[in-house]
Amino acid sequence: MGRTLRLRKQRQKLALQMQRSAGNSFLSDLYKYLMAFGWQNETQLTARNFFGTGRGLFSKTKNFQDGEILIRLPVRSLITINTIENDENFKNNFNNAMFVKEHKISFQTLMAFYILYHSKLKHCSPFEAYISSLPLNFTNPYFCPINELQCLPENILICTVKQNREIKEAYENLKHICFNNNFEQLYTLQDFRWAYFAVNTRSIHISIEKLKCVCEKKFFQPIVTKDYNIALAPLLDLFNHSDLVKTQPALIYNTYNKELEFVITLEQCPLKKIRKKQQLFISYGCLTNLKLFIEYGFTLIGNQYDYFELSFTDIENFLRHENSFRGLNFHSNKFKFIRDHNLTDQLFIHWQEGISHNLLVVFHLFFREESHFTNILNQIAFGTSNNLKKVDEEVKLLLKFKLEEYRICIKNLESLKSLTPAGLEAVCYLKESSSSVGDGTSPKTTERKKLTPFTPSPDKLLGGVFIKKVPKGPAQQVQTSKTQTQPPLRQCHIHLGGIGDDGTNLGKLDAREVTSQDMLRAMMAYIWPKEDALVRKRVAISLGLLAGSKVLTVCVPFLFKGAVDSLGALTMDTPTDTVLSVATAMLIGCEL
């Protein structure tokens with residue numbers, strides 16, 4: 001009880017501090033900046049602090065219904081690749097002689113450096129009003145101190161380490177391609193981290209191909225690795241996210257002022273009417289709480305798109321530490337097969353649909369399949385789902401194992417003397433994840449909207465592609481009780497999806513593109529399986545016969561030549577020559 005009271009006081013104190021630091025004095029300057037591009041505040045939007053979400057937008061005079069436009073911004077007011085290419089002073093920081101493939105950067109990195117560059121200019125920057133609207137800190141787990149990181153689950157730590165590696169690599173590449181010798185003193189790594197997450201949490205996805213006025217300048221083209229389909233949208237990025245609304249972004253040509261505008265339309269809302277002075281929300285897409293926590297630094301209570309995500313490392317730890325599995329041997333070929341075929345992706349438990357197809361396949365291979373040969377495993381993994389047996393009991397044990405891990409993480413975090421905003425948000429995420437899925441025995445009394453977030457990743461070769469919907473059965477149910485802890489105020493607001501993609505595209509791909517080498521490498525697992533000696537022997541014999549046939553085919557003309565040449569030397573001088581001459585004559589006679 002003492003720890004809970006102390007955490008509540010810490011949370012209230014941090015919320016008050018963040019509300020005071022997130023003043024709205026920038027609004028008037030931000031309005032002036034937008035109006036210089038012809039923007040008109042038709043819906044009378046303004047900002048204030050809301051309980052639970054922090055700073056957000058509302059309309060002072062207008063009520064909203066489905067189908068109405070929330071905001072429209074001139075495209076010229078957005079910070080896009082056009083903006084960066086037309087900034088000659090910014091381009092003077094770069095040494096284009098160092099634009100080599102070893103130091104390529106992503107467009108998100110370039111955008112982050114652009115924001116950092118203008119933040120140093122302060123009053124001399126035309127984007128001063130917008131930069132002043134950006135949060136000073138974030139609540140992503142990346143910003144947890146060491147003592148808090150040590151208390152987090154391994155899957156969150158892996159994502160945080162990946163983010164840290166990407167940021168450091170981007171920072172080093174920027175140092176190589178910039179002229180400034182005092183780069184590290186002028187633009188510190190800590191400042192770059194802030195700018196990187198400012199872009200990551202507040203950028204929108206915009207199709208550069210649909211812009212009518214694509215910049216003709218290509219200064220940064222040799223150094224940027226990915227496309228330019230993200231932009232920063234002043235004021236628009238103050239909208240908070242809700243899983244209960246659906247919004248549609250679009251590029252629309254305004255025939256009245258002959259301007260291209262970025263428009264967000266409210267498509268669906270749980271209320272018939274959003275009244276004036278109520279907070280307006282948009283949708284970032286169908287995102288789980290883990291994605292929201294890692295990328296944006298907040299968690300939604302009762303997120304209808306959420307499901308309990310697992311990693312293959314979780315399953316390995318589960319097999320290693322579960323007492324009921326002691327004495328069982330799990331063949332190494334099964335682990336290799338699962339990794340080689342990307343069955344380590346899309347491992348999750350949905351509160352209503354049960355377990356994902358990949359998780360069912362993995363558990364079937366471990367607990368229901370005795371064979372460890374690749375051809376047998378392949379038939380099971382990528383055959384019909386009717387061949388897969390139920391693994392409900394094993395899934396319950398896995399879920400119990402993970403919930404116990406989360407309970408220990410929560411206990412360790414709450415035992416710390418004080419928690420940062422990121423640490424408080426981590427506690428909220430762990431508690432919400434623990435309450436979102438039960439152990440499969442307790443009934444669910446609270447109804448939520450039925451949804452199946454079976455959205456496979458486009459970056460995997462096999463495992464993410466052959467995802468299948470699991471038939472409903474006596475799978476996991478959701479616990480009825482939830483601890484609705486008030487999270488810290490959100491410090492990130494928007495990362496809209498692309499135009500026409502229902503808001504599900506985040507504007508970036510987290511994984512590399514599948515190449516021809518990846519495909520050949522996957523095929524070689526079947527052509528030359530290391531664990532199947534019989535198949536390798538057959539392949540070797542086949543290759544030997546094939547090579548022998550080619551050698552004989554090449555030798556046939558020479559054999560015929562020798563035979564024809566020997567016809568002119570047939571004699572009857574010796575018994576041997578007589579036999580050969582008679583045999584050759586008989587063969588020629590038979591052919592004729």
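Contact here means heavy atoms within 4.5 Å. The structure is a predicted model, and the points below are grouped by topic.

**Helix α2 and its cover**
- Helix α2 spans residues 27-35, and its buried residues are Leu27, Leu30, Tyr31, Tyr33 and Leu34.
- These residues lie on the same side of α2, because they cover an arc of only 160° around the axis.
- An α-helix has 3.6 residues a turn, so residues three or four places apart point the same way.
- The elements covering the buried residues of α2 include β1 (45-50), β3 and α6 (128-132).

**The sheet containing β3**
- Strand β3 belongs to an open sheet of three strands, in the order β3-β8-β7 and with antiparallel pairing.
- Each of the edge strands, β3 (69-74) and β7 (246-254), pairs on one side only.
- On average, neighbouring strands of this sheet are turned by 20° against each other, direction ignored.
- Nine bridges join β7 to strand β8 (residues 259-268) in the antiparallel sense.
- Leu251 has Phe262 in β8 as its bridge partner.
- Strands of a sheet pair through backbone hydrogen bonds, either parallel or antiparallel.

**Gly54**
- Gly54 is located in strand β2, which comprises residues 54-59.
- Gly54 counts as buried because its relative accessibility is 1%, where the cut-off for buried is under 20%.
- The C-alpha atoms of Gly54 and Asn240 are 8.9 Å apart in space, while the two residues are 186 residues apart in sequence.

Terms used. Residues are numbered from 1 along each chain as its sequence is written. This is a predicted model: local features need pLDDT of at least 70, side-chain atom pairs count only at pLDDT 80 or more; totals for chains, interfaces and linings use all residues. Side-chain values use heavy atoms; hydrogens and water are left out. Helices (H or I, at least four residues) and strands (E, at least two) are DSSP runs, numbered from the N terminus. Buried means under 20% relative accessible area, exposed over 50%, partly exposed in between (1.4 Å probe, protein chains only). Two strands pair if DSSP finds at least two bridges between them. Axes are lines fitted to C-alpha atoms, for helices over the stretch in contact, and angles run from 0 to 180 degrees between N-to-C directions. The arc is that of the directions from the helix axis to the C-beta atoms.
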